[in-house]
Amino acid sequence: MNLLLVSVHYPPVKSSCAIQMRDLALQLKSSGHNPVVLVPEDNISDVYKKEVISGITVYRLKCNKVMNINFFQRAINEIFLPMLMLRALRKTDLDIKLFNGVIWYSPTIFFGPFISYIKKTAKIKSYLILRDVFPEWANDLGILKKGIAYYFFKLVAKYQYSVANTIGVQTESNKKYFLDWKKNNKKRKLEVLNNWLAKPIVNKSSIQIKDTILNNKKIFVYIGNMGVAQDMPILINLAETFNSNNDVGFLFVGRGTKVSELKQLAKNKALENILFYDEIDPYEIFDLLKQCDVGMVALDPKHKSHNIPGKFLTYMQAGIPVLARINQDTDLENIILQNKVGRVYTKSDLLEFNEITKQLLNDISINNMSKNCKDLYMESYTAHKAACKIINSFETMN
């Protein structure tokens with residue numbers, strides 16, 4: 001099949017979205033399909049740029065900046081995103097009528113008009129990879145009140161859903177948000193599409209723990225975004241409860257709106273068991289995780305939707321168990337506990353959190369948790385399984 005892949009990020013950007021779409025494109029190509037990627041880009045001089053990355057043709061379409069800017073400016077730029085992408089697409093040498101399907105990744109929620117144009121012009125079906133339910137999660141966390149902005153975003157998201165023939169959500173529980181969407185058109189398909197991760201390319205990490213103050217400690221590592229949705233201060237407070245324990249260290253690697261605050265919090269507490277690093281090349285992550293003992297996952301407990309963060313898959317693939325501080329009664333909590341790949345905490349009491357962390361350290365020493373992690377990854381989260389599910393959906397669409 002000739003397939004268009006649309007995403008707001010693609011390498012060299014290092015976000016989980018970019019990595020997943022790269023892995024999906026490569027898997028589709030290795031399975032005999034022809035994927036072509038369309039991605040917005042603010043850092044090019046021409047209206048578009050065509051390049052080939054690892055055998056995948058990528059069209060970068062000139063748009064305004066949507067990363068590392070304030071919330072208001074990002075919202076404005078994303079509103080104009082589909083129009084600017086469409087203008088650039090029409091300047092390319094790409095004949096979209098030659099394609100058999102379009103796959104797009106959300107967030108963002110603003111791709112709807114762009115995907116609609118592609119569908120109508122090429123007369124093809126579409127598959128929406130939906131990784132979070134916005135603006136619901138922002139309302140849950142108190143970031144966005146139920147006012148004009150909330151209902152505007154909800155209308156935009158609803159339009160995007162209307163353009164999809166199939167929606168692949170992260171977890172079984174997230175299906176509840178789309179019961180009406182499915183009911184209104186029986187030809188629509190709603191399914192769980194697990195997050196995925198391809199076999200890693202392994203380069204030596206620029207972070208070598210043996211050369212740091214955390215040498216010879218049991219390492220708890222957090223890799224990824226550090227923002228409002230994660231409620232990260234509790235992890236810094238957890239590190240403080242182990243500050244007098246010479247056997248335990250905490251490592252934070254990544255970017256986000258709260259990084260500076262977290263560094264200042266650790267400094268104020270005079271913590272000697274914690275290090276921060278900027279994000280590293282994705283190919284270095286596997287080597288870094290091999291130096292660590294536990295991977296940390298953080299989601300604010302006020303979340304009501306269900307998420308399976310990309311970092312969770314990375315930890316499973318590397319064979320290190322997880323310490324997850326997340327919202328209660330979620331699919332992720334059930335996955336972790338049922339498969340015995342870590343421990344979960346859903347409250348805010350530091351003494352309880354510390355005790356659960358100690359229990360996890362004890363579990364690691366007496367159980368083969370590493371094997372459980374690798375088995376879970378191979379069973380549920382490979383790029384091959386995701387690609388097969390998407391292709392099967394196209395083949396069975398009415």
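1. A crossing of two helices is called left-handed if the near helix is turned anticlockwise from the far one by less than a right angle, and right-handed if the turn is clockwise. By that criterion, helix α11 passes helix α14 in a left-handed crossing. The model discussed in this note is a predicted one.

2. Helix α11 comprises residues 310-318 and helix α14 residues 369-380; the two pack at an angle of about 120°, and their axes are 6 Å apart. The arrangement of α11 relative to α14 is therefore classed as oblique. On the α11 side the contact is formed by F312, L313, M316, Q317 and A318, and on the α14 side by C373, K374, L376 and Y377. Sorted by class, the residues of this contact are 7 nonpolar, 1 polar and 1 charged.

3. The sheet deserves a separate description. It is open and consists of 8 strands, arranged in the order β3-β4-β2-β1-β5-β6-β7-β8, with mixed pairing. The edge positions are held by β3 (48-53) and β8 (189-192); each has a single partner strand, so one side of each is left without a neighbour in the sheet. On average, and with direction ignored, neighbouring strands of the sheet are turned by 20° against each other.

4. Strand β7 (residues 166-169) runs parallel to β8, and 4 bridges join the two. Within this pairing, I167 has L190 of β8 as its bridge partner. Helix α6 (residues 148-163) packs on the sheet, where it touches β5, β6 and β7; the direction of α6 makes about 135° with that of β6.

5. A further helix, α1 (residues 16-30), also lies across the sheet strands. The strands concerned are β1 (2-6), β2 (34-41), β4 (56-62), β5 (101-106) and β6 (125-130), and α1 runs at about 175° to β1.

6. F353 belongs to helix α13, which spans residues 350-366. Is F353 buried or exposed? The relative accessible area of F353 is 0%; the cut-off for a buried residue is under 20%, and F353 is therefore buried. Neighbours within four places in sequence being set aside, the contacts of F353 are I234, L235, L238, L323, R325 and Y345. Between the C-alpha atoms of F353 and S15, which stand 338 residues apart along the chain, the separation is 29 Å.

Terms used: Residues numbered from 1 in each chain as written. Predicted model: local features only at pLDDT ≥ 70, side-chain atom pairs only at ≥ 80, totals over all residues. Heavy atoms only, no water. Pairing = 2+ DSSP bridges. Axes fitted to C-alpha atoms, helices over the stretch in contact; angles between N-to-C directions. Contact = heavy atoms within 4.5 Å. Buried < 20%, exposed > 50% of the residue type's maximum accessible area, 1.4 Å probe, protein only. Parallel < 35°, antiparallel > 145°, perpendicular 65-115°, else oblique. Nonpolar A, V, L, I, M, F, W, Y, C, P; charged D, E, K, R; others polar.
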